[in-house]
Amino acid sequence: MQVTQWSEALSSWLMGLGLPGWAAIFLVYAVGSFILINYGMLSVLLLIWITRKAISRIQDRIGPNRVGKYGLLQTVADAAKLLSKEDITPYEADKIAYNLSPVLSVFGVLMLLAVIPFAPGLTGVDLNVAALYVVALGSIGIMAALMAGWGSNNKYALLAGFRVVAQLLSYEIPLVLAILTVVLLTGSMRFGQIVELQSLHIGGFNLGLGWLGIVMPGALIVFFVSSLAEAELTPFDLLEAESELIAGFHIEYSGMKFAMFFLAQFLNAWILAAVAVTLFLGGWQGPGVGLPVIGPLLGLGYFMIKVYGIYVLQQWIRGTFPRIRIDQMMYFAWKVLVPLMIGLIVAQAIIQKLPTPVAVQYVLIFIANVGVMAVVAYVLQKYFREEQMRTKRSFEPSSLIGSMQVSEKGTMY
Amino acid sequence: MQLPLGIEVPIPTFEQFVFIQVALLTAVAGLAVVMSRNLFHSALALTLTFFGVAGVYVFLEAEFLAVSQVLVYVGAIAMLIAFAIMLTRSMMYGRTSPLNNQWGKSSLFAFLFFIGLLAFARATPWPAPGEEVIADEALIGALGREFVTTYVIAFEVLGLLLLLALVGAVMLARDR
């Protein structure tokens, strides 16, 4: 299926009207990025509303329901409140770092919107290194957190900034490795091509269900878990642990600067869900996207349904999981996720070199995924059992070790 | 475009106009690295320079290199430098002077280095405009193939070096 990019179609139409080539391309991209950025900013209103409603339902509350229909305009009211707040700069703060940090954190997230394929032919830019671009831009968010932590001239903010760097850098590695499995299978880092390869043609009709997540569930789960950590969501939200770090690296920020950090965080969660959908859940693929006129619209619909579905799943986890400790977080990244992903990649690289048809390779990759996950689950279960025994023993007085079972039966005295 | 004194100035094309902005940003940020009185600001300016260089790579149609530049230099090296500066607190708070008694010698060597680079750039046979260059996916594929064929020893040695650094870091950080 040959898909025409929206930018090409629109700029050639403008050139047909008599505009010079560079002006047409400039105009098309200016309008496109204006729409994309404003969509990103405004969708955060909806995202925050979804989060509030979902978590309220989980906690047996109703949630916002006063401003607007179903409380939809509550976030607008909150934004207006934040706008009217006093803008505070702490004493002896590093002004450049302090003021630049909120801008950078939003910038790093908004730039990611450029490569997301929303529908057939509807991508900001179909970059040939899109998968790597997503990873590279994550480093801007890390830099912004570090600048906020340092610039605020507050030791709690600085500590939280260090935590952010440790967490985001650690979870970037399993994230990259999970993306690598997809790149290895599809042979492309172009998001448009990755999505197109996930079609499933039966009798000339595009069923659109050849999702890579079905072939490699292990990589999908690792990607999802590390994207939770990258988006600073529960159970990895110890960056804003109220009881330990007061609020996190943005403790000294007020008003709209504070709101910008939150905007970046919510949008980052949504975009990571969009990347997960693009890589593993078929992007805009779905039954009937190959149809001539209605296809692109259906594609956009499928994409949005999938992404908001993943977003709601993230909020569900946020409402049900407890927060983990920092040592557990680092342990999980380096000793569980990274070895798991390396095992998966080695297995997949060997399987893809086998002289078998592609369908057999897919089945083998699926088996390898399930096998590696089963091994990891077995090792983890064994470790946790031993850990439980150890902690139980450390609470017992040393003179009573081994005698507790006896005392439970009541035969000790 | 004709200037009053009869000097002919070519009107920059759109690409050249954007390139001038990116190049100016890179150069000004590079100057800020050495001129800044605050070491942390120098590190931030260095990050901006890395971004500018990535922008120049985009103009050379080497998107892969540009993205790798951001990933490695901004994501890892700038972070490392920022951490190193933060851990030397006394340098952070005192306003350090960008000059010491060796500025004369170092500026001389910087100038000589620039001359050398210029000579190198003039001697390199650049592809002429309109000439066919490898681009897009073919470039990334060719790069990967070079790594595991022509440069396999260098690639493996680099991997070993990184592994050693990792083991060394774990050795330094472990509980005794």
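1. Confidence. The mean pLDDT of chain A is 85, and 93% of its residues score at least 70. Within chain A, helix 9 (residues 217-230) has the highest confidence, at 92, while helix 15 (residues 404-409) has the lowest, with a mean of 49. Coordinates predicted with low pLDDT should not be read in detail.

2. Helix 5 of chain A. This helix covers residues 130-151, 22 residues in total, and spans 32 Å from its first C-alpha to its last. That is close to the 32 Å expected at 1.5 Å a residue. Helix 5 of chain A is mostly covered, with 22 of its 22 residues buried. Just past the end of helix 5 of chain A, Asn153(A) adopts a positive phi of about 55°.

3. The loop between helix 2 and helix 3 of chain A. For most residues other than glycine, phi is negative. Two exceptions lie here. Asp60(A), which is not a glycine, has a positive phi near 60°, and it sits in the loop between helix 2 (21-58) and helix 3 (74-83) of chain A. Tyr70(A), also not a glycine, has a positive phi of about 55° and belongs to the loop between helix 2 and helix 3 of chain A.

4. Exposure of these two residues. Are Asp60(A) and Tyr70(A) buried or exposed? Asp60(A) counts as exposed because 6 other C-beta atoms lie within 10 Å, and the cut-off for exposed is 12 or fewer. Tyr70(A) has 12 C-beta neighbours inside 10 Å and therefore also counts as exposed.

5. The contact between chains A and B. Chain B contributes 18 residues and chain A contributes 19. On the side of chain B that touches chain A, the elements giving two or more residues are helix 2 (39-59), helix 3 (63-87) and helix 6 (136-148) of chain B. Helix 3 of chain B gives the most, with eleven residues. By residue class, this side of chain B consists of twelve nonpolar, three polar and three charged residues.

6. Chain B as a whole. Chain B contains seven helices and zero strands, in the order α-α-α-α-α-α-α along the sequence. Of its 176 residues, 15% are buried. Among contacts in chain B between residues at least 6 apart in sequence, 49% link residues at least 24 apart.

How values were computed: Residues numbered from 1 in each chain as written. Chains lettered and ligands numbered in written order. Predicted model: local features only at pLDDT ≥ 70, side-chain atom pairs only at ≥ 80, totals over all residues. pLDDT = per-residue confidence, 0-100. Helix = DSSP H or I, 4+ residues; strand = E, 2+ residues; numbered from the N terminus. Expected span 1.5 Å × (residues − 1). Buried ≥ 20, exposed ≤ 12 C-beta atoms within 10 Å, placed from the backbone. Contact = placed C-beta atoms within 7 Å. Nonpolar A, V, L, I, M, F, W, Y, C, P; charged D, E, K, R; others polar.
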